[in-house]
Amino acid sequence: MNNRLFSIYSRYFHSKINIPIVRLYTKDNCSLCIPVKQLISEVKQEYNFQYIEVDITDKNNKKAYNLYKYDIPVISVNDIEIARHSLSKEQLINSLLDKK
């Protein structure tokens with residue numbers, strides 16, 4: 001299944017059961033991404049959400065590459081960007097709970 005179709009299916013499926021989707025835009029050897037990945041993993045132990053890593057250097061992700069090549073890591077929850085470059089536990093949890 002290609003990324004676009006998966007994304008559409010994923011949004012439809014998860015909107016029906018209200019499980020948030022956390023998406024991390026990243027690439028290999030991204031030093032800023034390591035603590036963000038660790039934080040997401042930690043929060044995943046306490047909260048139910050789907051986690052998707054998007055490698056912006058993958059040939060199927062040209063749009064993401066053009067948008068984020070100078071800004072990774074970029075984190076979104078339910079396709080709403082919540083952070084660039086770094087992420088706090090509070091930011092992620094508030095976004096998962098839909099708090100501003």
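Colleague: In what order do the four strands of the open sheet lie?
Modeller: This is a predicted model, in which local features need pLDDT of at least 70, side-chain atom pairs count only at pLDDT 80 or more, and totals for chains, interfaces and linings use all residues. Residues are numbered from 1 along each chain as its sequence is written, and side-chain values use heavy atoms, with hydrogens and water left out. Strands (E, at least two residues) and helices (H or I, at least four) are DSSP runs numbered from the N terminus, and two strands pair if DSSP finds at least two bridges between them. The pairing in this open sheet is mixed, and the order is β2-β1-β3-β4.

Colleague: Which are the edge strands?
Modeller: An edge strand here pairs on one side only. That applies to residues 50–55 and 80–84, which are β2 and β4.

Colleague: What is the average twist from one strand to the next?
Modeller: Axes are lines fitted to C-alpha atoms, for helices over the stretch in contact, and angles run from 0 to 180 degrees between N-to-C directions. From one strand to the next, the twist averages 20°.

Colleague: What angle does the direction of helix α2 make with that of β1?
Modeller: Helix α2 (residues 33–44) packs on the sheet and touches β1 (21–26), β2 and β3; contact means heavy atoms within 4.5 Å. The angle between the directions of α2 and β1 is about 165°.

Colleague: Which strands does helix α4 touch?
Modeller: Helix α4 covers residues 89–96 and packs on the sheet, its direction making about 175° with that of β4. The strands that α4 touches are β1, β3 and β4.

Colleague: Is P73 buried or exposed?
Modeller: P73 lies in the loop between α3 (62–68) and β3. Buried means under 20% relative accessible area, exposed over 50%, and partly exposed in between, with a 1.4 Å probe and protein chains only. P73 has 0% relative accessibility, so it counts as buried.

Colleague: What distance separates the C-alpha atoms of P73 and K37?
Modeller: Leaving out residues up to four places away in sequence, P73 touches several residues, including C33, V36 and A83. P73 and K37 are 36 residues apart along the chain, and their C-alpha atoms are separated by 9.4 Å.
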